[in-house]
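User: I have a new model open and would like to walk through it with you. Can we settle the terms as we go?

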Amino acid sequence: MTEFISGLVLGAGASTRFGEPKQLLPYRGTTLIEWVVSQALQAPALNEVVVVLGRAADEIRRRVDFKIARVVDNPVFGAGCASSYRAGIAAINTKSDAIMILLGDQPDVSPEIIGRVAEVFRRQQDQIVLASYRGRKGHPMIFARSMFDKLVDLHGDKAAWKLVDTNPDLVGTADLDVSFPQDINTREDFERLSGARQL
């Protein structure tokens, strides 16, 4: 039986380094968060998509078409991404076998990348699978149901990496011959990525 994988898009960041909700930045004819969610929804490898919002959640809901994705709020988003894992895991389908964590500010993660990571997870017995971009590890990353309790117990930012670092025997990688997808954390990041799209 094929494992049921829930996509979890983290969109609850406070944008403190940006000064405004970066989720609503214009990107490729839509907004940044809507683009990221649309990539997840287009990936046949995911059985559902859940989006976690935090700061400016009401405004984002008004301005973004999330289509069939389920949207949940993280009222304690300031406590770091681990709090979004808890909000997301509480909202996923009860039959989910794994979650794939996707970053809401990483728009170059395509349906093909999502599919490759999911394929490796479904083929191998690893409890955690990371994307590896020409040897550089990153998101998306998948955690099997057996890891859910540990994810829920984490605290702070970069929390999932703590599980990766402390459980190397459980980790597999999906090798990808593409460049590492950049996060958008500052206006300079956004302008650089937008400029590259226009070349």
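This is a predicted model: local features need pLDDT of at least 70, side-chain atom pairs count only at pLDDT 80 or more; totals for chains, interfaces and linings use all residues.

User: OK. Which residues is Val51 in contact with, leaving aside neighbours within four places in sequence?

Analyst: Val9, Val37, Phe66, Ala69, Arg70, Val71 and Val72. Val51 is also listed with Val9, Leu46, Phe66 and Met100 as the residues with the most contacts inside the largest nonpolar core, which has 37 residues. A nonpolar core here is a set of buried Ala, Val, Leu, Ile, Met, Phe, Trp, Tyr and Cys residues joined through side-chain atoms within 4.5 Å. Buried means under 20% relative accessible area, exposed over 50%, and partly exposed in between, with a 1.4 Å probe and protein chains only.

User: Which helix gives the largest share of this core?

Analyst: Helix α4, residues 111–123, with 6 residues. Helices are DSSP runs of H or I with at least four residues, strands are E runs with at least two, and both are numbered from the N terminus. Apart from that core lies another, of 29 residues, with Ala87, Ala91, Ala159 and Val171 among them.

User: Back up a bit. How many helices and strands in the protein?

Analyst: There are 7 helices and 9 strands. The C-alpha atoms fill a box of roughly 40 × 40 × 30 Å along the principal axes.

User: And what is the radius of gyration?

Analyst: 16 Å, which agrees with the value near 16 Å for a compact globule of 199 residues. That radius is taken over C-alpha atoms, and the globule rule is 2.2 Å times the number of residues to the power 0.38.

User: What share of the residues is buried?

Analyst: 56% of the 199 residues. As for contacts between residues at least 6 apart in sequence, 70% join residues at least 24 apart.

User: Now α3. How many of its residues are buried?

Analyst: Helix α3, residues 81–91, has 9 of its 11 residues buried. They are Cys81, Ala82, Ser83, Ser84, Tyr85, Ala87, Gly88, Ile89 and Ala91.

User: What covers them?

Analyst: The cover includes strands β1 (5–11), β4, β5 and β6 (98–103), along with helices α5 (148–152) and α6 (159–166).

User: What is phi at Ala56?

Analyst: About 60°, a positive value although Ala56 is not a glycine. Ala56 lies in the loop between β4 (48–53) and α2 (57–63), and at 23% relative accessibility it counts as partly exposed. Lys67 also has a positive phi, near 55°, and is not a glycine either. Lys67 is in the loop between α2 and β5 (70–73).

User: Is Lys67 buried or exposed?

Analyst: Exposed, with a relative accessible area of 53%.

User: Where does Gln39 sit?

Analyst: In helix α1, residues 32–41. Gln39 is buried, at 8% relative accessible area. Beyond its neighbours within four places in sequence, Gln39 is in contact with Pro107, Val109, Ser110, Pro111 and Ile114. Its C-alpha atom is separated by 8.2 Å from that of Pro107, 68 residues apart along the chain.

User: What about Asp189, which residues does it touch?

Analyst: Asp183 and Ile184, not counting residues up to four places away in sequence. Asp189 is in helix α7, residues 187–198, and counts as buried at 15% relative accessibility.

User: Last one. How many positive and negative side chains?

Analyst: There are 24 positive and 25 negative, and the centres of the two sets lie 1 Å apart. Lys and Arg count as positive and Asp and Glu as negative, with His and the chain ends not counted. Each charge is placed at NZ of Lys, CZ of Arg, CG of Asp or CD of Glu.

Key. Residues are numbered from 1 along each chain as its sequence is written. Side-chain values use heavy atoms; hydrogens and water are left out. Contact means heavy atoms within 4.5 Å.
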